[in-house]
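Reader: I'd like to learn how to read salt bridges in a model. Can you walk me through it?

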Amino acid sequence: SENLYFQGSANAVCQRCQARFSPAERIVNSNGELYHEHCFVCAQCFRPFPEGLFYEFEGRKYCEHDFQMLFA
């Protein structure tokens, strides 16, 4: 069933690094944007988002802590 996800998306690239996905790897789909798991991280601290919660500013995604520190 995992392969269904990749049908028709052979040319899909990661929103962050612009590289393609290997057929076996898990892909993060955030509002239709696709990311490698290791690319779907905070633009400031490069850690994964707690519970997948992030804040977006000028096209970049931040964890709550860094977003508050930078922009609050």
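Author: Let's start with Glu33, which is partly exposed at a relative accessible area of 24%. Buried means under 20% relative accessible area, exposed over 50%, and partly exposed in between (1.4 Å probe, protein chains only). Keep in mind that this is a predicted model: local features need pLDDT of at least 70, side-chain atom pairs count only at pLDDT 80 or more, and totals for chains, interfaces and linings use all residues. Residues are numbered from 1 along each chain as its sequence is written, and side-chain values use heavy atoms, with hydrogens and water left out.

Reader: What does Glu33 meet in a salt bridge?

Author: A salt bridge is a side-chain nitrogen of Lys or Arg within 4 Å of a carboxyl oxygen of Asp or Glu. Here Glu33 pairs with Lys61 at 3.0 Å, N to O. That links distant parts of the chain, with Glu33 in strand 2 and Lys61 in strand 4 (residues 60-62), 28 residues apart. Strands (E, at least two residues) are DSSP runs, numbered from the N terminus.

Reader: Is Lys61 buried or exposed?

Author: Lys61 is buried, at 8%. Lys61 also forms a salt bridge with Glu56, the closest N and O atoms being 3.5 Å apart. Glu56 is partly exposed at 42%.

Reader: How many salt bridges does the structure hold?

Author: Three. Among them is Arg26 with Glu37, at 3.5 Å, N to O. Arg26 lies in the segment before strand 1 (27-30) and Glu37 in the loop between strand 2 (33-36) and strand 3 (55-57), so the pair ties together parts 11 residues apart in sequence. Arg26 is exposed at 57%, while Glu37 is partly exposed at 43%.

Note on methods:
Helix = DSSP H or I, 4+ residues; strand = E, 2+ residues; numbered from the N terminus.
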